[in-house]
Each structure stands twice: as C-alpha cells, then as structure tokens.
Amino acid sequence: MPPLPNPRVEWPRAPWRRPVIGALNLAIIIASLLVAAWAGFAGFRGRAPDRVQFAGLVVLQIGVLAMGVIALVALLGGERPAEPETFAGYLVTMVCWPAVAFVLGRMEPTKWGSVTIAVGCLVIPVLVLRLEQIWG
C-alpha cells in the first residue's frame, strides 16, 4: 500500500505580511518611471539636469530607504527570502542606486547628465521587481 500524502497544507503568506510587496513598491516604480520620463525628455531636448529631476531622485531615495528598512526589519524578525545572499545584494544596490544617479547627474551638467538620470531611474523598477521575485 503506498504511503498517504502529508495532510499538512501550506497556506500562502498574507500579502500584507510580505515586506517587499505592496503600495510602497508601486509608488517607487511609478516615481522612478516619472523621473526617468522627465529626465529622458530633458535629455532629448538637450537640457542639463534641473531641480525637478534632483527633487524626484531625493523622493525616490526616501522611498527606497523606507523599503530597505522594512525589509531589514522583516529579516531581523525571522522572515527569510528564498535566496538571502542575492536578496541582500539587490537590496544594497537598490538603496544606493538613486544616490549614484544623483551624483552622476550633478557631475555632468550637460544633456548627458539628464540621460544618466533617466537610465538610472529605469533600473530601479527592475530591482524592485526582482526583489519581489526573490522574496516570494
């Protein structure tokens, strides 16, 4: 007679208990795409980075830092992603990325500074989505 299957049912985690999914991630993705569009348009027009781009990067940095703190608290609370080392690498990269785009945009006061900010902001949604995949 074959053994009976394990009767224990694994229920999926509640979405509000997952630290790297939700409204904050959506806000980060939308903000980064808006800043990328603004900076890309400025670069297309041959304009140097302006205050709106840098303000957008600051807002984006605040959101990314909040997400990093939430993920760190969840890690310290005992929750674990599927691949902790990969998750940590993506998290550190995502937290540093807006600051790097800010510095590079300030260093290049031509249209290429705007293009650099636009490309930097296009990377952030990819990092956020990858963090969601790793955590899930």
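Figure 1. Leu-104 is found in helix α3, which spans residues 84–107. In this predicted model, Leu-104 has a relative accessible area of 38% and is therefore classed as partly exposed. Together with Val-100, Val-103 and Met-107, Leu-104 makes a nonpolar surface patch of about 360 Å².

**Figure 2. Overall organisation of the protein chain.** The protein chain contains four helices and zero strands, and its pattern along the sequence reads α-α-α-α. Of its 136 residues, 35% count as buried. When contacts between residues at least 6 apart in sequence are considered, 85% of them join residues at least 24 apart. The accessible surface of the chain amounts to about 8600 Å², and carbon and sulfur atoms account for 71% of that area.

**Figure 3. The largest nonpolar core.** This core comprises 26 residues, of which Ile-28, Leu-57, Phe-87, Met-94, Ile-117 and Cys-121 touch the most other members. Two or more residues are given to the core by each of α1 (23–44), α2, α3 and α4 (111–135). Helix α4 gives the most, with nine residues. In soluble globular proteins, nonpolar side chains tend to be buried together.

**Figure 4. Surroundings of Ile-28.** Ile-28 is among the core residues that touch the most other members. With neighbours within four places in sequence left aside, Ile-28 is in contact with Leu-60, Gly-63, Val-64 and Met-67, and also with Ile-124 and Val-128.

Figure 5. Gln-61 is found in helix α2, which covers residues 51–76. Its relative accessible area is 15%, so Gln-61 is buried, the cut-off for that class being under 20%. A polar atom of the Gln-61 side chain lies 3.0 Å from the backbone nitrogen of Ala-99. Beyond its neighbours within four places in sequence, Gln-61 is in contact with Val-95 and Pro-98 as well as Ala-99.

**Figure 6. Trp-97 in helix α3.** The place of Trp-97 is in helix α3. Trp-97 counts as partly exposed because its relative accessibility is 29%, a value that falls between the limits of 20% for buried and 50% for exposed. Setting aside neighbours within four places in sequence, Trp-97 is in contact with Gly-120, Val-123 and Ile-124. Ile-124 is also one of the contacts of Ile-28. The C-alpha atoms of Trp-97 and Leu-57 are separated by 9.8 Å, and these two residues are 40 residues apart along the chain.

**Figure 7. Ser-114 and its contacts.** Ser-114 lies in helix α4. Its relative accessibility is 0%, and Ser-114 therefore counts as buried. Apart from neighbours within four places in sequence, Ser-114 is in contact with Ala-39, Ala-42 and Gly-43, together with Arg-47, Ala-48, Pro-49 and Gln-53.

**Figure 8. Ala-42 in helix α1.** Ala-42 lies in helix α1 and, at 9% relative accessibility, counts as buried. Not counting residues up to four places away in sequence, Ala-42 touches Arg-47, Gln-53 and Ser-114. Arg-47 and Gln-53 are in turn among the contacts of Ser-114.

Key. Residues numbered from 1 in each chain as written. Predicted model: local features only at pLDDT ≥ 70, side-chain atom pairs only at ≥ 80, totals over all residues. Heavy atoms only, no water. Patch = residues over 30% accessible without salt bridge, like charges linked within 9 Å, V, L, I, M, F, W, Y side chains within 5 Å. Areas by Shrake-Rupley, 256 points an atom, 1.4 Å probe, with all protein chains shown as cover. Salt bridge = Lys/Arg side-chain N within 4 Å of Asp/Glu carboxyl O. Buried < 20%, exposed > 50% of the residue type's maximum accessible area, 1.4 Å probe, protein only. Polar contact = N/O pair within 3.5 Å; in protein donor to acceptor, adjacent residues only side chain to side chain. Contact = heavy atoms within 4.5 Å. Core = buried A, V, L, I, M, F, W, Y, C linked by side-chain atoms within 4.5 Å.
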